[in-house]
Amino acid sequence: LQFFFSFLSFVESRRQSIEAAVLQSPSGPSTAYTIEGLMSALDIVVNQFPSDKTFYVGENNGEFVGLRYGVANFAAFLSQAMSEGIRMDSCDEYNTDYIFQDNTEKFPLSNACGQYKRAYDLEICKSTEPFECPIDRNMEVTAVDYNQNFMPGKTGPPAFSCKPYDGSSFSGFYDLFDDVIVESAYSNSLGRTNVAGCCWWKRGALMTGGRCAFGKLNKYVGKEAADSRGIYVYPDIDFCSNPEAICDHIRTHELRWLIGFLDWSGRVETYVDAITGWSYMDELKKFVDSGMIDDAFITAVTNIVTKNCHNLDICADTWGEDPDKDYFELNRRNDFRNIMTNILNLPETAPPTVTPKSIVPTFAPTVYIPPTPQPTSIPKTVVVLSPNSTSKCKYNMVVLAPLVALTTWCVWL
């Protein structure tokens, strides 16, 4: 516990630098992701999660390198969050996977069930941890966020939602050319034409989706944890019946980070390739011990986060191709370097011997990108069409990555 407080104190000492260079959306400081939420979530994931599910903050081995392992892990996490939830400044996933048909882009509203060949409602936990939420086809949930800066003059796809299917009403699609929502039996990339039971779209800092993640959160710190184990962190939230609590609960700003930490500790830190034996924890320590100069490590981490596989040449089963993730691969690598070198001061980092009076980055980001005008209404025109053809392709609106200014470290006052 004392070692964790050392790590937390270390991160706290970099608070203003993290705010100035990490928690930045294309339009300015992030409102969806705050430093207060980050610090609160860190405390919960380390002190309230099961001991083998906590976020790795390093090792109390009597040597400073033990802390460096934790700091490098934290830097990798932040670099991925910058290209996921933070750059969109959104808690909820946007509808981006489109089908090009009739000379226009059509966005199936059933993308709430999964995008880029993923089916969130079918993704379950490992047999050793059968904690996934049950499918409830009567659930009705609507996301609080959607892309309000979709395109000048266009309202864009509405917020994701799930609702029961009565056998005749289909979710339809958003037509970019006409800027309307069209009601028809229009399928997403996996053939879904309705959104019954599809309440598990991605949310939070790492854009974490699927029934397994929300089930684990409920098991570890939600209502089930309170009812079955006496762990009262969120005793009022059943994340299986209300996954949108991540984004609309009074404690949403820590929950957005917490679901990301859970995803990281459960899917990245425990990652071991069954074929090659490649292990995230082993590679993290090798990376730190070898001087932190090889980009192969963060490239593998990016692959795990975005494709669920560290090496796309050898994995037989990976998540579908998302052009947005490829576009931001360079950003993740550069952000990782910037966070390590200019914010967390690796490899030179040493724990502070005194509490600093203030830490101010030498300069803030110098480029401001104004947001596009927000729409005044959701498209209301409804047209009834026949089911779509099989013509399919992938699409993603290009969103500018945060422009992160390098900072230099201040001298203790």
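Select C113 and C198 in this predicted model: the torsion about their S-S bond is about 95°, so the disulfide is right-handed. The two sulfur atoms lie 2.0 Å apart. This bond links distant parts of the chain, with C113 in the loop between β4 (104-108) and β5 (141-142) and C198 in the loop between β8 (180-183) and α5, 85 residues apart. Both C113 and C198 are buried.

Next, select C133 and C240, which are joined by a disulfide with an S to S distance of 2.0 Å. Here the torsion about the S-S bond is about -80°, so this disulfide is left-handed. C133 is in the loop between β4 and β5, while C240 is in the loop between α6 (223-229) and α7, 107 residues away. C133 is buried, with a relative accessible area of 0%; C240 is likewise buried, at 14%.

Proceed to C91 and C247, whose sulfur atoms are 2.0 Å apart in a disulfide. The S-S torsion of C91 and C247 is about -80°, so the bond is left-handed. Because C91 lies in the loop between α4 (65-88) and β3 (99-101) and C247 in helix α7 (residues 245-248), the pair ties together parts that are 156 residues apart in sequence. Both cysteines, C91 and C247, are buried. In the whole structure, a search finds 5 disulfides.

Finally, display helices α5 (residues 211-221) and α8 (residues 252-268), whose axes come within 10 Å and cross at roughly 105°. That angle makes α5 roughly perpendicular to α8. To view the contact, select A213, K216, L217, Y220 and V221 in α5, together with L258, I259 and L262 in α8. By class, this contact has 7 nonpolar, no polar and 1 charged residues.

Methods:
Residues are numbered from 1 along each chain as its sequence is written. This is a predicted model: local features need pLDDT of at least 70, side-chain atom pairs count only at pLDDT 80 or more; totals for chains, interfaces and linings use all residues. Side-chain values use heavy atoms; hydrogens and water are left out. Axes are lines fitted to C-alpha atoms, for helices over the stretch in contact, and angles run from 0 to 180 degrees between N-to-C directions. Helices (H or I, at least four residues) and strands (E, at least two) are DSSP runs, numbered from the N terminus. Angles under 35 degrees count as roughly parallel, over 145 as roughly antiparallel, 65 to 115 as roughly perpendicular and the rest as oblique. Contact means heavy atoms within 4.5 Å. Ala, Val, Leu, Ile, Met, Phe, Trp, Tyr, Cys and Pro count as nonpolar, Asp, Glu, Lys and Arg as charged, and the others, Gly among them, as polar. A disulfide is a pair of cysteine sulfur atoms within 2.5 Å. Buried means under 20% relative accessible area, exposed over 50%, partly exposed in between (1.4 Å probe, protein chains only).
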